[in-house]
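Please open the model in a viewer and keep the selection panel at hand.

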Amino acid sequence: MSLVLHELLVCCRGLENEKATERKKEVDRFRRLIHARDTVEELDRTSACQVSKGSKQLTWDAVFRFLQKFLQKETELLQSGKANVSATTHANRQKKMQEISSLMKYFIRCANQRGEKLKCAELMSHMVEVLQNPFSCAAYGEDYSSILLKNILSVRKYWCEMSQQQWHSLLDLYCGLFIKGFKSINRVQVSRIIYTVVRGCCLQTDGLSHTLFNFFLKALSNSRAERQLMILENLVSAVNVFLHSVLLSCRKRVCGLGEEILPSLLYVYTQMRPSSVLKEELVKFFNLQLCVHHPRGAKTLETGAHAEDWVRWQGQLYALYDSLVSEIGQIGSRGKYATGSRHIAVQENLIELTADVCHQLFSQGTHVQEVTSSLYRDTQRDSPQSFKRRRLEQPLTNWEVIRSKLQPHHSDFDMIPWLQVTAALISRYPSILPAHELMPLLGLLCQLLGEQQRRGERGPYVLRCLRELAVCHAQSSVNSSSHAAELVRIWGRVWALALCGVSSAQTGPLCLELLRTMVQESLVPVDREFWNVFSGAVCKPSLVGALSLAQALLKCSIPKSVHSRGTTSGVLMETGGEPPTLRDSIINWLLMNQQSEDTEENCKPHLIIIRDFPLNVIPRILVSLTLKDSRTGLMFLMGSLQPESFSPQSSSHTEGKDSLVAVESLYLQFSFDDTPTCPAVTSDRDRACSEKPQFTVIPTLRSKLEQSLLSVTEQLFNCYSPDSSNTPHECVLHCVTLLTGVLAAYVCIGLLTEEQACHSPLFLKAKALVHEFSHYISTAKSKLAERETIATIQCVMLLCSDSVCRRDKEDKVSIISANLFMKTLPVRLLNDLCDISKQLLSSSSKKESVVIENEQMDEDPEVSRIQTDNCEEIDLFEDGDEPHHSTSRPHQSTEDTGDSKFSTGAKCALSEEHLTKQDLAFLSVLGFLSLCASSELNGGFSFKPLDTQRKLLKLLDITDFSQPLHLNMYLSLLKKLPAEVSSLAPEEFDALLRPLADVCSLYRLDQEVCAAILCALLPSISCLGRMPPVSEQEDEMAHIRGALLKVMSGF
């Protein structure tokens, strides 16, 4: 044993001295020694070695055991003291308790500052033992709760190593402290620990649902009596986490708990002015209860609904509706008197909840007296006379309530939330709108659309409502009613108003979206004014404009021209030749050919390559326009894709939505609904997709399209430089995708073979552009320390991945386009990207080690505070009534409970929060390289996929899987390298799966990482199952299969 450790050992033994003054001296000495760099390094070294059970070597755990004995001795002395003492003696004892617990807190933080040195089992055993004892819990509970929250539950290693019994003990302990109202520990801190422990139980264990159902029933049933809203925020967040984890297995108990505590939580929502965070958690709880009681809007037991007490639940739905209407009204009222600009719209989750509740309460044949009570309160504010008169009238029907909220005289603040509710209600439940209500609602919305140009901000919300109403109308049987002619007239008016709004910057995209939906549902015939939108300067090309155009091309034949005879004669006189056809005009509009004539715009790239158009939508439209039968051509090129497939998906809380959708699907599988499914009807589009028709190309249009594309490329060459950021590098990739997409479409219709496409002028231009882009990648290797370079690399790599990704096997255009895109890639580009990935990975590892080294040098802020306190420290190890001159250390509850960053528990190693921007750029480069490496080995590329595979697999030799980036990298390789189009060779497969056992061993206790590993192994399992037996490789593949099965058996 070294001299340093021997000195520490003597000090530790001195903590057991019978004299209080000697123990006091040893505590001061212990603080100095434990903070000394030499002592820390020696303890780290001895703790890292495998010490035998009988060894006398001093480790962090051994020191911790000495400290436990010291705490036990001091606690026994305190407990044996007289109960009836003076106030001064009592204050001295309190200070003594704080000093003892702060010493333990200080030691634990010192030990674990450079990684977890203390064993989880012993640490947790001590924590639970102290907190379970009433006296020691009262003495040290505040500090020990802080240690638990900040130094144990925030550490992923401890989080994973805790056994189910330890989780259960913690849960029982803190739930008991909360229910009993234990005064010595701050209740906010207790509630935060409960939330964190509930998360840990739900992620890491199973079988604790009974305890939690009982606890939440007791804790939340009387929520209205709780005065600290932060406590309710933690508890409601905890109950949401818990209920999400048991939805599949405990539906009846979830319903029962919801029906018991919903009235109390509704009171909190409406009467206690909760914070925005608490409100959001409450709305999540209400949404979850609607999902469990009424999956996908089911109303009866036969269709899948369930409630423990139907009468009580119906009453709660009415109360919930009333509260939501009141909340929406208050939002409007607050907006009226707010100064400055303010966002009027209500949050999406609140709108969806209101729509779900409306769906349950609205019915076609009944009046809802309770529902309209809130409306009466609204009108009472405006006019007492109207309130009295309304009370005597027949109550309004359900949709009359909605229409009353949408009257033109209402302000935007009052109307916009109800426009949101109406759109959500019709979108989620189209069948809820009865046929006789369609025309009044449509007429009202049409009136609002006509007035929106003169008034306020309601226009976008009116347009969304009309779009959903168009879909609803197409699905209803109202077309055969007596109002059909009037409906056609109103839709014609809506069509004209939407066409007028296309040029508006505020409502243009929504007008185009409404027009697309009306064309799709055949509500209005496509007229000349509609085609004019895509043949002039009404608006610039955009994704929503392209989709509207595509929908029109799919629905009807394109006319030759949209000009009248007089206009055509004028054009002939001006041009002295043939007037431009509509096809010419649309191609010019899409490619912005008139831009080339503008000298000011000549130094900028075309708009079509500045904006992002996914899934080759522009090439499909352009090529279909060069065919005589554009409609059939576009049907064939679209395949199974619908225009809405190209729209970007909203990313707001999609994970939570997806999980609830899966739960609802499971519930409905056990319903008694025997509604027969409608037989599929084969449409013209299905036939066009299944059979490849013969297409005739219009030579002049094809030639003009190719010349226009070459012109777009030339202009990009004129304004792009690899060394300059004046023209975004993304434009190059957009242009290459446009060129390869057009060639892929021609290959699909049989006009070219893939080999002929590779020798075409368009392809050669695409290769030249990629060559220019590769110059930028080469220069970027030396600028990886710059933030701008890292951001650009991440962006362009994601675009490259989108261009070569094969999402849908049936989408032939995208598959051929991806092949052509990869054939433009030079070997130099792939080599440079491999070098960049290696540099980024190495620099990330160096930064990690530098951070750890700096952490060793940093001084714990707790230390300096304690040492400052010790300058005036009194002798806390002596009893008596002597007066002291030191002031008490500030109470810690404010410090510990106010720090919210520790409230959510330890983050998973796969969490994006662990990754820097440089790490994300590395993963984007890795993703693109993996897609290139997993392509066909003999695909005719200039690079060799096998070489790229080997370079990527070599990265595994410099990895440390305890680092989040390296774990993410390995999972990415597992997902992408084993592909369907090509199989890995045995040598590469072995290199890919070799680290698997070590990774699984390292993370075997981390349930989230284990689940991610299992999902990442699916491509390897599929690939191994598809590989045909080859005699010379059979032994090697058998070894690989055996290794994989061995790992799988461990799960």
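Begin by selecting aspartate 1035, which is found in helix α49; helices (H or I, at least four residues) and strands (E, at least two) are DSSP runs, numbered from the N terminus. This is a predicted model, in which local features need pLDDT of at least 70 and side-chain atom pairs count only at pLDDT 80 or more, while totals for chains, interfaces and linings use all residues. Residues are numbered from 1 along each chain as its sequence is written, and side-chain values use heavy atoms, with hydrogens and water left out.

Aspartate 1035 is exposed, with a relative accessible area of 66%. Here buried means under 20% relative accessible area, exposed means over 50%, and partly exposed lies in between (1.4 Å probe, protein chains only).

**Salt bridges**

Next, turn to the salt bridges, each defined as a side-chain nitrogen of Lys or Arg within 4 Å of a carboxyl oxygen of Asp or Glu. A search of the whole structure finds 41 of these salt bridges.

Select glutamate 22 and lysine 25, whose side chains meet in a salt bridge at 3.9 Å, N to O. Both residues lie in helix α2 (residues 20–35), three residues apart, about one turn of the helix. Glutamate 22 is partly exposed at 27% relative accessibility, and lysine 25 is exposed, with a relative accessible area of 52%.

Move on to aspartate 412 and arginine 458, a salt bridge in which the closest N and O atoms are 2.8 Å apart. This pair links distant parts of the chain, 46 residues apart: aspartate 412 is in helix α20 (residues 412–428), and arginine 458 is in the loop between α21 and α22 (459–475). Are aspartate 412 and arginine 458 buried or exposed? Both are buried.

Then select arginine 489 and glutamate 486, which form a salt bridge at 2.7 Å, N to O. The two residues share helix α23 (residues 484–501) and stand three residues apart, about one turn of the helix. Glutamate 486 is partly exposed, with a relative accessible area of 31%. For a linked set, display Arg467, Glu468, Glu513 and Arg516, which are joined in a network of salt bridges.

**Buried leucines**

Select leucine 441 in helix α21, residues 435–451. Leucine 441 is buried, with a relative accessible area of 1%. Its C-alpha atom is separated by 9.2 Å from that of leucine 406, 35 residues apart along the chain.

Leucine 547 is found in helix α26, residues 543–555, and is buried, with a relative accessible area of 1%. The C-alpha atoms of leucine 547 and phenylalanine 646 are separated by 7.8 Å, although these residues are 99 apart along the chain.

**Positive phi in loops**

Select arginine 273 in the loop between α13 (251–271) and α14 (276–293). Its phi is near 50 degrees, a positive value in a residue other than glycine, and arginine 273 counts as exposed at 77% relative accessibility.

Leucine 615 lies in the loop between α28 (582–591) and α29 (617–625). Phi of leucine 615 is near 55 degrees, again positive in a residue other than glycine, and leucine 615 is partly exposed at 25% relative accessibility.

**Cysteines**

How many disulfides does the structure hold? There are zero disulfides, a disulfide being a pair of cysteine sulfur atoms within 2.5 Å. Cysteine 719 is in no disulfide, and the nearest cysteine sulfur, that of cysteine 731, is 7.5 Å away. Cysteine 719 counts as buried at 14% relative accessibility. To finish, select cysteine 446, which counts as buried at 9% relative accessibility.
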